[in-house]
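This briefing goes through a structure that holds protein chains and ligands.

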Amino acid sequence: MGTIGATLLRAGRRFVSSLPALFGVLVFTFLLMRVLPGDPAVFFASGPNAGKEEIEVIRRQLGLDKPLPNQLAIYLYDVGRGNLGRSMMTGQAVAKDLKERLPASLELTLTALLIALVSAVPLGVLAALRPGSLVDHSVRLFCSLGVCVPTFVSGLLLIYVFYYLLGFAPDPTGRIDIFATLPPQRTGFLIIDFLLAGDLEGWWAAARQLMLPALTMALFVIAPLARITRASMLVSLGSDFVRTARSVGLSWWRIVVTYALRNALLPVITIAGIVFSTMLGANVLVEKVFSWPGVASYALDALLVSDYAPVQGFVLLMATIFVIVNLVVDVLYGIADPRATVA
Amino acid sequence: MSGPLLEVDDLRVTFSTRRGPVEAVRGVSLSLEPGEMLGLVGESGSGKSVTGFAITHLLDNAGRITDGRIRFKGQDITRAGSADLRSLHGAAMAMIFQNPRAALNPIRTVGQQVADAILAHRRISRSEALDEALKLLRAVQIRDPERRMSAYPHELSGGMCQRVMIAVAISCNPSLLIADEPTTGLDVTTQKVVMDLLAHIAAERGMATILITHDLGLAARYCRRVVVMEQGRLVEEAEPLTLFHRPQHPYTKRLVAASPTATSRIEDLVPDGEPIPLVEVTELPPPPHGTPLLLDVKTIAKRFDDGTLGVADFSMTMRGGESVGLVGESGSGKSTTSRMICRLIDPSEGEILFDGQAIGQIPARDFHASELRKDIQIVFQDPNDSLNPRYTAFDCIAHPLLRLLNMRAGDALRRRVEECADRVGLPRELLQRFPHQLSGGQKARVGIARAIACRPRLLVLDEPTAALDVSVQAVVLQLLNRLRREDNLAFLFVSHDLNVVRMMCDRTIVLRTGVIVEQGESRALFANPQTEYTRELVDAVPHIAPPVALAPA
Amino acid sequence: MSTIETSSTLRHTAFVLRGNPVTAVAAGGALLLALIAIFAPWLAPYDPVVSDVPQALLPPSAAHWAGTDQLGRDVLSRLIVASRLDLTIAVTAVAVSFALGSVIGALCGYSGGRLDKAVGRFVDVLMAFPLFVLAMAMVAALGNRVENIVIATAIINLPFYIRFARAEVNIRRNLGWVEAARACGESHVAVVLRFLLPNVLPAMAVQMSLNLGWAILNAAGLSFIGLGVKPPTPEWGIMVAEGARFISTGRWWLVAFPGLALMSAVLCFNLLGDGLRDILDPRMRT
Amino acid sequence: QSRAETLRYVTGATVNTLDPNIPGSTREAFALSMSSYDRLVSFGRKQLNGKWVFDLDTITGELAESFQVSPDGLKITFKLRPDAKFQDGSPVTAEDVKWSLDRCVTAPILGKAQLLTGSLTSADQFKVIDPLTFEVTLPKPDKLALPNLATVYPIIINSKLAKSHATADDPWALNWTKENAAGSGAYSVETFKPGEQVIAKRNDAWNRGAPDKPAAFKRLIIQSVPEPATRANLVERGDADLVIDLQASDVQSLEGKGKLKVISTPQYNAVTFISMNNTLPPFDNVNVRRAIAYALPYDDMFKAALFGRGAPLYGATWADGKPPSGSYPIPQPIKLDLDKAKAYLKEAGMPDGFSTTFSFNVGQAATAEPMAALVKEQLGKIGIKVDIQKLPDAQMSTAINEKKLPFFIEGIVAWLPSTDYFYRNFYTGKQRWNYSSTDNAELEKVAQAARFEADKAKYEEEGKELNAIHYDQMFQIPIWQASQDAVMQPTVDGYVYQFTRQVDYRNLSRK
Ligand SMILES: Nc1ncnc2c1ncn2[C@@H]1O[C@H](COP(=O)(O)OP(=O)(O)OP(=O)(O)O)[C@@H](O)[C@H]1O
Ligand SMILES: Nc1ncnc2c1ncn2[C@@H]1O[C@H](COP(=O)(O)OP(=O)(O)OP(=O)(O)O)[C@@H](O)[C@H]1O
Ligand SMILES: [Mg+2]
Ligand SMILES: [Mg+2]
């Protein structure tokens, strides 16, 4: 269809226009890392008797002995060739580390987002159907509760209750029970790989493992999603076209879902996109608490020890994902809202 | 079927609001025969829509029918349950709303929306419903209906949307159609086409129709019977001709007088209004020879950033105290032109001379500092958004005085503001109010007071009364007319209501897609249009005349 | 403004609060918090930084209503005193980003064109950053002093305010009263700062109150990874982070009470934000 | 293999390289390398206060079947085990040993600086006599030469395999060994996910364990769980077999519950200090340092930060004011005594105190933060205003290296904990580990002399002398040796406290 073509075209144009922003992120992170007072060479030259010489060796290895503009030029050149440098911390190529860890983060974030959407949208709709009622107030209260607890606290509490006390949840040590056999890697998303391999038991194990961390993250973002759903649902319920729908006697379900909700979801798509990108970067603490081998905790560790390459790589990755998510949102929006393509 | 289709008996509707209950409809009784078209007229807020919503059970949650009875086809539906309502809605009675674009679901194709309405009442498959929908689109005379089936509302013009809306409403052949201001917001020309279609369909299908409108001319043109509402009550019911020529109720009299017609004069608009010293419009003293033109616009054009050409090759002249009208359909460039002349936006080409000085070259960005800023002032279209919500009326009027005349806060300023308020007939006690605490007419007065506070020489009026009720419009027009005479103001009057322009302006310029199509002395121009376009415009204006459309065939 | 205005504002506020008990409670809570913060030193039963190691890790009792911490300090006193710092951090951080963001956003939204594009790019860069990492990096680079935590929090909030103000101004810039102001001889800059900005503030104030809670959480997150306020200064986030270490040994009071404090503050601000919308909207007035 | 044959070990840090020589290697990497590689020799073990700890003084052969030190102490000859095989099945030869040790002293890796302390500095010192005989020559007799060969770094690598992965840029195949183990150790690495986990399989051919047997567990899972509370939960619920590096409070509570085996040994080769930079005023004044030493709330810190788990190094009484022993560290005769502290301050000419900053690193926050708070509070009482600085790890090490921090918490570990080794490495030179920036000619002279002292009694005397100087000058304040708490399932047996402060998986078995 023409509209989809136009949407894609627009998305493409938008991608090109966000390239400067990506470049800005690249340079900014580079400089930011150099401003950090920690010297990675000193930190990693940690053996006893490691003296000036060792530090110099590491500094040379990291290319930190060159003047800053040269370093930047080399870095940009390397990034251009897809080389994100090496992590001192893991001793691996950053690109490899990120590639291994990204699916874990994405899987977690997407599941969390899904949980959040599945609970936030009905809650928001419920609240909007009877604004000012007890239901409405309870929804607002419940959602606000979620935002009030820092994720690391809710995470630890969930572990304490569901793993330690009740034993419902599997041990919170990463993506899969350590004794389980991994499915052949296809997508990197365990719950998909298990399905592809037809291993339902494994799938269940992976899904159980995913539950608590995803829930922890979801609790934190239900509120903004429910709030925007409620607000836009109120707007669309009060709109003229819903009145039209009522005036011709459409069924309640059709009015609420097809007419009001589908329109109300448009802003939710946008917010969900923003929420997704922020979550991906901000789930550091959840990943830490659940020993989740994701990119954010990786970057955090690197940041604390001034390991430049992983942090730079991570930020670049996040920025790229941010751009891609924006594109996806754009495309979704274009499909969901025919008016979007006109602009 | 025997007996009336709809009988409303002493209907009362109350809204519970923050400030307690508000009775919006207070005892309305009316009846409607099958196939009849009834006009329901009245000013804004008189309860027309609420009556319509009450009959169709579409009131907001806050509204309740507190008393009275509604009988439809002999059956009491006052307290109909939700199951009854579903079969009632659409199948038995349907409604058409004011803003057609907003009344259609923006993210669903129009074909589907019509089909949805059909499916709500008939057990047929979706594809059958779509076929049916196509037929309906054809019936409402949409060009190229196959293609339009998969169009979204935003891809259609306002008139087309209204046709779709009509198709939705008639999809299940209701016996009662309530059209709530179906053509407000549409162009004069489109308005006529849509109304003709509606009347035609209603007649063809034998649907009874209630036409809610505040335009007496419109009601007169299409209805056999008109009821007039004021503050929730029916005050008069009559045949249109009777109503217009021999109105009984004082309110109706005022309403009729205020409605501009092809022959009315400003002085006639407000029969019992404040007496205004009559000065003949045509007897303006001829300007002494040699005085420079007040305004000399030389072939200005405006090209927007996105490439659209808003106005092309526009030239005009004005003398001091002269009044020039600018008419044209929506989007024809009226506002763009007036803003350029006001120096709020920069023309892309051309020159503007004011009082002999070239002001076209001063960028709009810097014009606020110009000596001439206070000589050219503007009154905006929508009084609702032309006042800063955080300024009181006093602040609004004082603003140009403070900025342009460098007056200081104090007694002198207060006196000057009060004087302005007096001149526009704004009670002094309203000066401390905020815009949201003022009525539309009052807001319009504040806007005018602000514009004349600095005693400008040229006043640009961009549809100053478009958002006002006829009676308020009448007062405002009269007020403007008086001010003009008193101060020898020149007016550039933008409007799409030809009757108003004819009354207000010595000369008229007709614009279409940014180009002047015709100009000349107002009366002559309207009496004898030279171009097809102007003729269409003139013809489309509803006149009070015998209802031709429904003349027995 | 005039007295008529103030009294009507008060009346209107009272009206909204009466119709909306949740907001009223939230407003009460926020007020209480502010009072606690102001009078903290006099309210705290013990000195919040003086240790008493033999009395460490005691569960809540009559002497220590919220128990004692690892160093035997009274948890309740620390909570009370911490309110001051936390509210300061939240309020200043939000105020800074609000002040900067609204002005920049408003100017962009009004002018459009090149400035708008340039700032838009900058905002894109900021938004594309994983915000928490940005905050961490900034605090790590500048040192974990309160000012820097405030600055970092402010900067990561900035893009939202810029966007918000930009959008709000953008839809208003062609309204009649804006052009009227120009016809009254105001320059573009004056129109933005003196006319448009005050009108978008209410909508932004709502955003602001929502962000207050978020700013506290952000500081808490920074503390959790060790980049928060310096010890032994009491701060809710640090207290929760420290307390979290003791969950597994059943010393619930160390995380429960600071958590509760944090929670009620965030909750108050969030609910208040919803209510503010009603109070500040001039159209809802009569 | 069954669950019982698997050891699941959870830890806070991660194995980040399979070659412990790579700069930046973690303790976990060291621990793994102990099992994946063999060295020529290894330390024995001894019982101390009823717990098994490593024994510096007994060196036993690992790849070496036997070794001989020449009478002049300048030559050490190793006889390799004829049956020793690398994990790929090829035999271990003296060539491999030579390549590996050459690499250790030439390549830019961590081993270089370590072996230096044992007078092993050049490839010339290593000689292949025959395929199973290998000789090390020393310039001077050095007590630490042999122990050095038992430390983490001098791993014996399958040289043919490694060389096949060497490149011109990387002649020692460092990039390859980082991710691949080519040793002859008790476990071969199956999967290695840096930052997550390592799974290792028993090498059944390995027979260097106690009575000539392979290691007990068939499989090792070394998993990284950053949250200490979660680690405690895991071991308590039986999901993990062995955990170290728990929070003191968790260990205390687990010990109290009595369901698990908790083995606590003070970290005999590590010391925690309150350190002062002796070159920065006011800490360049010995009386200020003494004042601080008497103003610290030792007991409170010990209880609040460590929950009393560890060996205090304060509060001793030295009869006649002389150090009772020549070993390092020994408990110091210092305790909280504000009057004395004030007197010293006065003597230093600062009766009203001064202001300073007190730093610690984020990674140590769990213990350091309460300590810092207490230090600030106590010093405040004698007029010293302390501003606490919490620095990210890299920042802290940079600042220490640049000698910018005046007053901070730090710790040291020595793999070869002899008195002279401590004093030479941690109290001399302009290098990072000389936290106190000590520059004391007397100390340096005695320490250097002690290094090559063969006579035990004399060595003890020199040790006492060094300890006396340290106490007199109070360069920095050793406060304690924290406990190494290993919490394990009751079925797990054979835990020995190792110089790496890690678990040696080869020691462990299940009852
Ligand atoms: N939801 C509502 N709550 C409170 N009052 C209402 C509500 N809807 C309408 N009213 C009141 O009912 C009265 C009649 O309103 P109605 O919309 O019927 O006027 P109208 O004649 O249709 O005017 P217009 O020409 O402007 O459409 C008005 O005074 C209005 O304030
Ligand atoms: N800022 C702008 N950018 C691009 N196009 C514009 C802009 N402003 C107006 N236009 C276009 O210029 C044309 C003239 O607009 P203008 O507002 O002057 O019409 P108008 O005659 O005042 O219409 P109406 O009766 O609806 O007010 C329209 O086609 C409009 O779409
Ligand atoms: Mg109406
Ligand atoms: Mg216009």
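**Ligand surroundings and annotated spans**

In this predicted model, an oxygen atom of ligand 1 lies 3.3 Å from a polar backbone atom of Ser46(B). Ligand 2 also has an oxygen atom placed 3.2 Å from a polar backbone atom, in this case one of Ser332(B).

**Ligand 1**

- Further contacts to the backbone of chain B involve Gly47(B), where a polar backbone atom is 3.1 Å from an oxygen atom of ligand 1, and Val50(B), where the corresponding distance from a ligand oxygen to a polar backbone atom is 2.8 Å.
- Taken on its own, ligand 1 has 640 Å² of accessible area, and the protein covers 66% of this area.
- Two elements of chain B, strand 1 (6–17) and helix 1 (48–56), are those that give two or more residues to the shell around ligand 1, and helix 1 of chain B gives the most, with three residues.
- The ligand is surrounded by 13 residues, of which the closest are Ser44(B), Gly45(B), Lys48(B), Ser49(B) and Val50(B).
- When the residues of this shell around ligand 1 are sorted by class, six are polar, four are charged and three are nonpolar.

**Ligand 2**

- Side chains of chain B take part here: a nitrogen atom of ligand 2 is 3.2 Å from an N or O atom in the side chain of Thr308(B), and an oxygen atom of ligand 2 is 2.5 Å from an N or O atom in the side chain of Thr336(B).
- The protein covers 61% of the accessible area of ligand 2, which on its own amounts to 640 Å².
- Around ligand 2 there are 13 residues, and the closest of them are Ser330(B), Gly331(B), Lys334(B), Ser335(B) and Thr336(B).
- Helix 13 of chain B, which spans residues 334–341, supplies three residues and with them the largest share of the shell around ligand 2.
- The shell around ligand 2 consists of eight polar residues, four charged residues and one nonpolar residue.

**Chain C**

- Chain C contains eleven helices and zero strands.
- Of its 286 residues, 61% count as buried, while the accessible surface of chain C comes to about 10,500 Å², with 70% of it belonging to carbon and sulfur atoms.
- Among the contacts in chain C between residues at least 6 apart in sequence, 73% join residues that are at least 24 apart.
- An unreviewed UniProt entry gives the annotation "transmembrane region" for residues 21–44, 87–110, 122–143, 149–165, 212–229 and 252–273 of chain C.
- Residues 21–44 of chain C are 92% helix and 0% strand, with end C-alpha atoms 30 Å apart, whereas residues 149–165 of chain C are 100% helix and 0% strand, with end C-alpha atoms 24 Å apart.

**Chain A**

- For chain A, UniProt (unreviewed entry) lists residues 15–36, 108–129, 141–166, 203–226, 264–286 and 314–336 under "transmembrane region".
- Residues 203–226 of chain A are 100% helix and 0% strand, and the end C-alpha atoms of this span lie 30 Å apart.
- Residues 314–336 of chain A are likewise 100% helix and 0% strand, and their end C-alpha atoms lie 32 Å apart.

Methods. Residues numbered from 1 in each chain as written. Chains lettered and ligands numbered in written order. Predicted model: local features only at pLDDT ≥ 70, side-chain atom pairs only at ≥ 80, totals over all residues. Heavy atoms only, no water. UniProt positions renumbered as here; feature names shortened; annotations may be inferred. Helix = DSSP H or I, 4+ residues; strand = E, 2+ residues; numbered from the N terminus. Near = heavy atom within 4 Å. Polar contact = N/O pair within 3.5 Å; in protein donor to acceptor, adjacent residues only side chain to side chain. Areas by Shrake-Rupley, 256 points an atom, 1.4 Å probe, with all protein chains shown as cover. Nonpolar A, V, L, I, M, F, W, Y, C, P; charged D, E, K, R; others polar. Buried < 20%, exposed > 50% of the residue type's maximum accessible area, 1.4 Å probe, protein only. Contact = heavy atoms within 4.5 Å.
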